[in-house]
Amino acid sequence: MGLPAQEQQREPEPALPLVRLNHVAFSCTSVEDSIDFYRRVLGFQLIQRPASLDFGGAWMHRDGMGIHLLQRSAGSDAPPRSPAINPKGNHISFQSLDMALTKARLRGMNLEVVTTRVWDGETTVEQLFFHDPDGNVIEICNCEDLPVVPLAPPACLAKQTVQMNVHL
């Protein structure tokens, strides 16, 4: 079932008025272990949570970035922890100002770290991947060295976007 020609050629709606990523949330087996990890390894600070939150957890903050730790309830199914660190799987990434220092400190903490490199032309980026206590993959990189080059969506994607907007 096709859309009328006028709807297929409609301009996409303006983007939502977003400014930045506010926080990520992780379900934790032990909020205390996760607090220790994010403090010790990544330098996050524990901050006050709203009083209306009536479940176990903690909020942490650093340099405009938030991590919300959610206590996994007893009996809930924990997502399976992958024994291998997978750089191509879901992960959260932090930008580092000094990759050599970061790598040395992570190794000094006896964390298992997978190192990869990506490049584009003359620009090479180093990526360090490791697990938090619940198996979430954390990346630290110098990815801001890569230029951000916007691309126009291919025609087939533009049509799908319009169709999705019409059907919402």
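Colleague: In what order do the elements of the chain run from the N terminus on?

Modeller: This is a predicted model, in which local features need pLDDT of at least 70, side-chain atom pairs count only at pLDDT 80 or more, and totals for chains, interfaces and linings use all residues. Residues are numbered from 1 along each chain as its sequence is written, and side-chain values use heavy atoms, with hydrogens and water left out. Helices (H or I, at least four residues) and strands (E, at least two) are DSSP runs, numbered from the N terminus. Here the order is α-β-α-β-β-β-β-α-β-β-β-α, which comprises 4 helices and 8 strands.

Colleague: What percentage of the residues of the chain count as buried?

Modeller: Buried means under 20% relative accessible area, exposed over 50%, and partly exposed in between (1.4 Å probe, protein chains only). Of the 168 residues, 27% are buried.

Colleague: Which residues have the most contacts inside the largest nonpolar core?

Modeller: In soluble globular proteins, nonpolar side chains tend to be buried together. A nonpolar core is a set of buried Ala, Val, Leu, Ile, Met, Phe, Trp, Tyr and Cys residues joined through side-chain atoms within 4.5 Å. The largest has 23 residues, and Tyr38, Leu42, Ile67, Leu69, Phe94, Phe130 and Ile138 have the most contacts inside it. Helix H2 (31-40) is one of the elements that give two or more residues to this core; its share, 4 residues, is the largest.

Colleague: With which residues is Phe94 in contact, leaving aside its neighbours within four places in sequence?

Modeller: Contact means heavy atoms within 4.5 Å. The partners of Phe94 include Leu42, Ile67 and Ile138.
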